[in-house]
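These are my notebook entries on what I looked up in the structure shown below. I began with single residues, then turned to one interface and to two of the chains.

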Amino acid sequence: MTISTSSFQLIAALVRRETAMVYDSGKEYLVEARLTPLATAAGCPDVDAYIARISTDLAERRKALDALTINETSWFRDQTPYQAFTETMLPRLIETRAATRRLRIWSAACSSGQEAYSIAMLLDQHLPPGWTADILATDVSTAMLERVRAGRYSQVEMNRGLPATTLVKYFTRAGTEWEVSPELRRMVRVQHLNLADAYAFTAIGTYDVVLLRNVLIYFDQATKYDILRRMRPHVAPDGYLLLGSSETTLDMPADVAGLWSREQLGRVQAHRPVAAVPVASPTPIGA
Amino acid sequence: MRAMIIDDSRAMRSILRRILAGLDFETLEAGNGREALDLFEAGQVPDLCLVDWNMPLMDGYTFITEVRANRDWRDVTLMMVTTESEQGQIVKALAAGAHEYVIKPFTPDAIVDKLELLGLVNREVLA
Amino acid sequence: MTAAPAITDVQAIVEQVWSSFLGEAEPLLPAPVAPGRAFPADDAWSAAVSISGGWDAAVTVELSTPLALSLTTTMLGLTADETAEGPLDADVADAVGELVNMIGGNIKSLMPGPSVLSLPAVAAGRAAHPSGAAEVARFDGVRAGQPVRVAVHVIPQP
């Protein structure tokens, strides 16, 4: 079963229009791998026929978009950001939030929820008694949000990066899957959100830590910068924005770069909001 | 780094051997716990053991208990790689001295993730 | 009422084992066979494990010979040279045995325990079932046109 060039272009354009994610040529295999099971389930003889069908079948289109916007994910992915969270960010925030004793975390491309629940586990272990945490998990895929809400993971997913001691502490078997404990599920709330939508952040609020990891790579340059621009007011003035390890080296245009300062926390780099600058700085005489 | 793969299936040993070779491990193999202990006693003590649970002659659980009973072998990292997937079995293996636990089936990434958790592999260096 | 795993759970386990070791390029698709109909391949390999303790059952896997050979080649990482004459029977028995071990172990974890999983028994040919064993769950699938069947049998206690 091979996807035709025209089908690939059609689906790539659709994904780009709806989610701003880019599927370059060369990613045909990925489209095929993700759509073949849907094509089979829908009774289509091949992926081309399925792609033709989703031009009119909106329910199938939703499913296809969901399947194509999945991020590969694992528990405590890359480890170092979580280490920086526990060792640096959390102690500082516990100091500065002593009055409210409340932390707000946003997992901004939560996929199936491993990032949000990994943070929930760390908060459960490290947050002092009497503190509360609100973890917002957002994603463009409604199917993914359902998964986060259910908090159920397959055996294969459980194997990815979750220490065995943590597994037995926070999960119980549920059929072939493992279910995250009710305590952790209560900490995480989900919301549908398309990062590329210019107005998506309007009512989202402000967060002490925003995790925007391994998702910018899917967007074109203009969208990437726009997200970083719009994100700024939603990170608390003394808060942290964490990008994926390959994304911190992004060359940003001056207006975006000026919004963020970078701070090295152990082995990860965090972006921190730069205090608002006066609108017009006077030009030094003689310059 | 030296790793010993202890599994009664040659196919499974081959899968694990290929994953570990990609991580620059030198590998030894044993078909059951008894064979692995014989290698230990002959001085072939690795840094890491990947241990199946259900095997003839000596199962992986007994093997782990035996290794943990010998102080000379306390530096060996033990990781179960088994189809035994009840929560109780994981707890039991950890209590007996296993450091990590991978449930079969697994993808190569799962092995790398766990070895990274154990500090035996560093993806950044590999990349 | 005999305790039996849900058919959807059996299917999920088989698919996970399959995609983990054989990749997703050639998916394993459900292909129901009418009850009572024979396994749709004359030339087959089969393997069984038994579960005993909290729940007593046998899990069998049957697969067509071409599928067993391709499974063996992939699991053992055999090169084109090494497979020119096809994998050895001992290798096929080993790979098919590990397949039933993984499927059986995961099915065991769905049921009341504690139970013990036996070592696999593998045979060239169709699976033999003890007389009186009742099939309580079955998954029939195809991969690249080749059939595979996973069945769970409960052995009635005397």
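**Entry 1**

I located A:D24 in the loop between α1 (5–19) and α2 of chain A; helices (H or I, at least four residues) and strands (E, at least two) are DSSP runs, numbered from the N terminus. The model is predicted: local features need pLDDT of at least 70 and side-chain atom pairs count only at pLDDT 80 or more, while totals for chains, interfaces and linings use all residues. Residues are numbered from 1 along each chain as its sequence is written, chains are lettered from A and ligands numbered from 1 in the order in which they are written, and side-chain values use heavy atoms, with hydrogens and water left out.

I noted a relative accessible area of 48% for A:D24, so this residue is partly exposed; on this scale buried means under 20% relative accessible area, exposed over 50%, and partly exposed in between (1.4 Å probe, protein chains only). A:D24 and A:Y218 lie 194 residues apart in sequence, yet their C-alpha atoms are 9.9 Å apart in space.

I next looked up A:G205, which sits in the loop between β6 (188–192) and β7 (207–212) of chain A. Its relative accessibility is 26%, so A:G205 counts as partly exposed. Neighbours within four places in sequence aside, A:G205 is in contact with A:R104 and A:H234, where contact means heavy atoms within 4.5 Å. For A:G205 and A:H234, I recorded a separation of 29 residues in sequence and a C-alpha to C-alpha distance of 6.0 Å.

A:S74 is also a loop residue, placed between α4 (58–68) and α5 (80–96) of chain A. Is A:S74 buried or exposed? I found A:S74 to be buried, because its relative accessibility is 6%. Leaving aside neighbours within four places in sequence, A:S74 is in contact with A:Q114 and A:R160, and with B:D113.

**Entry 2: chain A against chain C**

I counted eight residues of chain A in contact with ten residues of chain C. The two chains bury about 680 Å² between them, 57% of it on carbon and sulfur atoms; buried area is the accessible area (1.4 Å probe) that two parts lose on being put together, summed over both. On the side of chain A, the residues that lose the most area are A:V156, A:R173 and A:T176, together 53% of what that side buries. The elements giving two or more residues to this side are α2 (28–41) and α8 (155–158) of chain A.

How many salt bridges does the rule find across the interface of chain A and chain C? The rule finds zero, a salt bridge being a side-chain nitrogen of Lys or Arg within 4 Å of a carboxyl oxygen of Asp or Glu.

**Entry 3: chains B and C**

For chain B I recorded six helices and five strands, in the order β-α-β-α-β-α-β-α-β-α-α along the sequence. Of the 127 residues of chain B, 59% count as buried. The C-alpha atoms of chain B fill a box of roughly 40 × 35 × 25 Å, taken along the principal axes.

For chain C I recorded three helices and seven strands, which run α-β-β-β-α-α-β-β-β-β from the N terminus on. Buried residues make up 47% of the 158 residues in chain C. Its C-alpha atoms fill a box of roughly 50 × 30 × 30 Å along the principal axes.
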